[in-house]
Every structure is written in structure tokens, then in C-alpha cells.
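Here is a short note for a colleague who is opening this structure for the first time. Please read the points with the model in view.

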Amino acid sequence: MKTYRMASIPGDGIGPEVIAEGVKVLNAVAELDGGFRFDWTEFPWGCEYYLRNGVMMDEDGIERLKGFDAIYLGAVGAPGVPDHISLWGLLLAIRKGFDQYINLRPVKLLRGAPCPLKGVGPGEIDMTFIRENSEGEYAGSGAWLYKDQPNEVVIQNGVFSRVGCERVIRYAYELARKEKKTLSSISKGNALNYSMVFWDQIFKEVGKDYPDVKTYSYLVDAASMFMVRDPKRFEIVVTSNLFGDILTDLGAAITGGLGLAAGANLNPERKYPSMFEPIHGSAPDIAGRGVANPIAAVWSASQILDFFGHEAWGRKVLAAIETLLSERKTLTPDLGGSATTGETGDAITALLRENRQ
Ligand code: NAD
Ligand code: IPM
Ligand code: MN
């Protein structure tokens with residue numbers, strides 16, 4: 001039987017609560033299929049680990065993760081540890097260490113999910129965000145000069161390499177071609193006169209190889225307005241690291257909230273493991289109460305199934321989520337219900353077992 005070697009990093013806050021449900025669903029799917037299984041290794045890394053050991057993950061962490069087929073991560077961040085320490089020490093270290101340069105985030109309004117936009121129904125928001133995930137505004141390049149002096153200066157560089165831009169843009173064109181969808185690039189060339197002019201130029205250059213793909217180019221400010229006013233116009237979207245971060249939280253807001261939004265950090269060449277996670281954070285405001293919505297984590301579990309080539313199961317998990325949302329019987333408080341995290345995971349698993357998607 002095929003065994004997938006899985007590393008789980010539940011992390012902080014609601015991370016462990018939602019990851020437990022995703023693991024539950026994946027194990028149930030494997031059992032129902034009968035042809036594959038998941039072999040889980042859990043890593044205790046995160047902010048508590050940092051407070052005890054002085055590091056967010058072990059020094060040989062990246063080396064130890066290398067042998068896994070995929071990584072399933074909950075969330076990172078806790079009030080007692082500065083965010084730039086915790087995130088650069090774990091989440092960003094993995095994205096960078098494994099060259100997971102594609103961050104694929106579906107922004108799709110599922111059947112039964114609440115939408116705050118007037119007159120917009122399922123089928124009318126169906127985007128796939130391809131966020132650059134290795135450089136740009138997240139390059140970690142800069143300086144802090146004359147610290148605590150009156151002439152203090154900080155510099156945060158945006159780093160856009162030709163290789164870095166080309167590969168993410170090409171990935172997006174390939175996806176648009178494969179899915180026969182339009183491709184929108186979101187940038188900001190009017191103000192960012194080096195990085196985004198370069199991005200736009202590469203978007204055009206790479207496009208010469210894809211005459212069959214219909215393209216659009218938006219400035220990020222207008223794009224954020226159109227996401228709310230006319231979300232139908234976006235299908236495949238490619239954008240820089242920071243713009244993609246911000247726009248996908250907006251995407252979550254128009255498709256049912258952060259409790260539903262998932263993302264995959266991919267190394268398309270499969271030279272290193274890819275990492276799957278809900279896009280929300282550790283939500284310290286609700287952590288430890290068993291009320292976090294696990295759907296985002298379960299959706300990212302469906303992305304794991306897709307990634308391993310079990311797309312039919314990936315679709316079934318999404319369909320089970322849609323049934324759960326439509327029946328409105330087992331929903332967490334963010335969706336107006338009173339179910340716990342565990343009850344929600346159990347309900348999704350039950351729908352799969354009963355083959356009621
Ligand atoms: P957050 O996503 O943790 O929470 C924002 C709001 O959404 C909160 O009100 C929270 O209760 C709610 N929310 C989030 N996920 C939910 C879920 N599954 N169910 C119900 N409600 C949910 O963002 P934040 O408050 O800005 O950040 C908190 C911490 O998480 C910070 O330390 C931040 O750096 C970190 N963070 C980590 C990740 C990650 O690990 N991928 C992502 C974002 C933020
Ligand atoms: C996300 C998060 C991270 C990001 C943070 C926690 C560093 O917000 O995955 O969306 O900005 O990429
Ligand atoms: Mn984010």
C-alpha cells in the first residue's frame with residue numbers, strides 16, 4: 001500500500017485545534033479509499049518551544065523535514081513572542097528553505113458559505129490566487145541604521161529577480177492554459193517604478209508563449225476595489241508576495257471568512273516537500289476554547305489530496321464541506337452556529353463516510 005510520509009506542525013493558538021480535524025479527515029479518506037495511508041510525524045515547534053528552547057524549530061529542522069512527502073502546518077504566533085521572530089523562525093524559514101515559491105490560494109465561494117456582497121452567489125466568485133512566495137517584499141533584505149538615534153533610518157528592500165518573477169508568472173500562465181481561464185496580473189507599476197515595472201514587463205514577455213491565454217493587468221488598488229464590486233472578473237490571478245498576502249485575506253472576507261480559506265505552499269519541481277496550511281493565524285482571541293473553525297484546515301487537507309494525485313478525493317472533501325455549510329446543522333460560531341471544532345471535523349468525516357457530498 002502507498003504510504004505518504006507526513007510532517008505535521010500544529011504550531012500555536014488554534015493551530016493544533018484545527019490540524020487535529022484535518023488529520024482526522026485525511027485518515028478517514030485513506031481508510032475509505034483503502035489504497036493509501038498517511039504516516040504522521042508531529043513536530044512540537046512553535047512559540048512555546050521557543051520560550052523553552054530559544055529556537056522556533058530545531059537547528060536541523062529543515063534537514064529533518066526534507067524526507068517527508070508533505071508538511072501540514074497549523075499556525076504560528078503567540079502574544080509573548082515578537083511576530084517577526086516566530087514567523088521568520090518557522091513558517092517563513094520553511095517556505096524559503098524549501099523554495100516553495102508558489103502560494104496557491106483558492107478564493108472560491110462554496111455552496112452554503114456566507115457572502116457579504118449583495119447579490120453574489122456560488123459560482124460568481126471562483127478565483128485561484130498564485131502568490132509569489134519566495135522574494136519580493138518578503139526578501140528579508142534591509143537595514144536598521146542609527147538605532148534609537150534622532151536620525152534613525154530603516155530600509156526594507158523589495159527584491160524581484162528575473163528568475164523569481166518569471167517562474168511564478170509562467171506557473172500562472174500554465175495553469176490558466178490548462179484550466180482554459182483568464183489570467184490577471186496584479187501589480188503597481190505607477191508608483192513602484194523599479195519592481196513593478198519589471199514585473200509588468202515580465203508578465204508581457206512570458207505571455208508571448210501563451211497567445212491562447214486571455215490576460216488582464218490591474219493596479220493593486222483598483223483590483224482590491226473590483227474584488228468587492230465585481231469579483232466575477234477574476235479567474236487565475238498572479239501577484240507579488242505582499243499584495244497576494246493582503247488580497248487573499250480580502251478574498252477570504254468575501255467567501256465566508258478566514259475560517260474557510262486555505263493555501264498551499266508549493267515547490268512545483270518537487271525537489272523539496274510542499275507545505276499546506278489554513279491561511280489564518282493562531283487567533284489568540286479564540287484559542288483554547290474549541291470554537292475555531294476547522295474548515296480552512298480541512299480545505300488545505302483537500303489540497304494535499306490533489307497534490308498527491310487523488311483529485312477525486314480532493315473534490316469529495318470540498319463537496320462534503322459544501323454539504324456541511326448548506327445543511328447549517330454543524331457550524332462554528334464564526335458562521336453563526338454553536339458547534340465545536342471537533343464536532344465540525346466529525347461531521348465532515350461522517351458526510352464522507354456516508355458518501356453524502
Ligand atoms: P488571525 O488570522 O489569527 O485572526 C484574525 C481574526 O480571525 C481573529 O478575530 C480570529 O479569531 C479570526 N479567525 C482566524 N481563524 C479563525 C478560525 N479558524 N475560526 C474562527 N475564527 C478565526 O490573524 P491575527 O489576529 O492578525 O494574527 C494572530 C497571530 O497569528 C499573529 O501572531 C500573526 O503573526 C499570526 N499569523 C500567523 C499565520 C500563519 O501561521 N500562517 C497567518 C496569519 C497570522
Ligand atoms: C499568511 C501570513 C504570513 C504571510 C505571515 C504570518 C508571515 O499572513 O500566510 O498569509 O504574510 O505570508
Ligand atoms: Mn496573511
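1. Start at the ligand. An oxygen atom of ligand 1 sits 2.8 Å from a polar backbone atom of Ala283. Taken alone, ligand 1 exposes 800 Å², and the protein buries 71% of that (areas by the Shrake-Rupley method with a 1.4 Å probe; for residues, only the protein chains shown count as cover).

2. A word on the source. This is a predicted model: local features need pLDDT of at least 70, side-chain atom pairs count only at pLDDT 80 or more, and totals for chains, interfaces and linings use all residues. Residues are numbered from 1 along each chain as its sequence is written, chains are lettered from A and ligands numbered from 1 in the order written, and side-chain values use heavy atoms, without hydrogens and water.

3. Two further polar atoms approach the ligand. A polar side-chain atom of Asp83 lies 2.6 Å from an oxygen atom of ligand 1. A polar backbone atom of Ser282 is 3.1 Å from an oxygen atom of ligand 1.

4. Which residues come nearest to ligand 1? They are Val76, Asp83, Gly281, Ala283 and Asp285, out of 21 residues around the ligand (a residue is near if one of its heavy atoms lies within 4 Å). By class, this shell holds eleven nonpolar, six polar and four charged residues.

5. Now the charged pairs. The whole structure has 19 salt bridges (a side-chain nitrogen of Lys or Arg within 4 Å of a carboxyl oxygen of Asp or Glu). Glu21, Lys24 and Asp346 are linked in a network of them.

6. Look at Arg170 and Asp209. They form a salt bridge, with the closest N and O atoms 3.1 Å apart. Arg170 lies in helix H6 (residues 162-179) and Asp209 in the loop between helix H7 (195-207) and strand E9 (215-219), so the pair ties together parts 39 residues apart in sequence (helices, H or I, of at least four residues and strands, E, of at least two are DSSP runs, numbered from the N terminus). Arg170 is partly exposed at 32% relative accessibility (buried is under 20%, exposed over 50%, partly exposed in between; 1.4 Å probe, protein chains only). Asp209 is partly exposed too, at 42%.

7. Asp212 forms a salt bridge with Arg177, the closest N and O atoms being 2.8 Å apart. This pair also links distant parts of the chain: Asp212 is in the loop between H7 and E9, Arg177 in helix H6, 35 residues apart.

8. Last, Arg64 and Asp60. Their side chains meet in a salt bridge at 3.5 Å, N to O. Arg64 is partly exposed at 38%, and Asp60 is partly exposed at 39%.

Terms used:
A polar contact is a pair of N or O atoms within 3.5 Å; within protein, one must be able to donate a hydrogen and the other to accept it, and residues adjacent in sequence count only if both atoms are side-chain atoms. Ala, Val, Leu, Ile, Met, Phe, Trp, Tyr, Cys and Pro count as nonpolar, Asp, Glu, Lys and Arg as charged, and the others, Gly among them, as polar.
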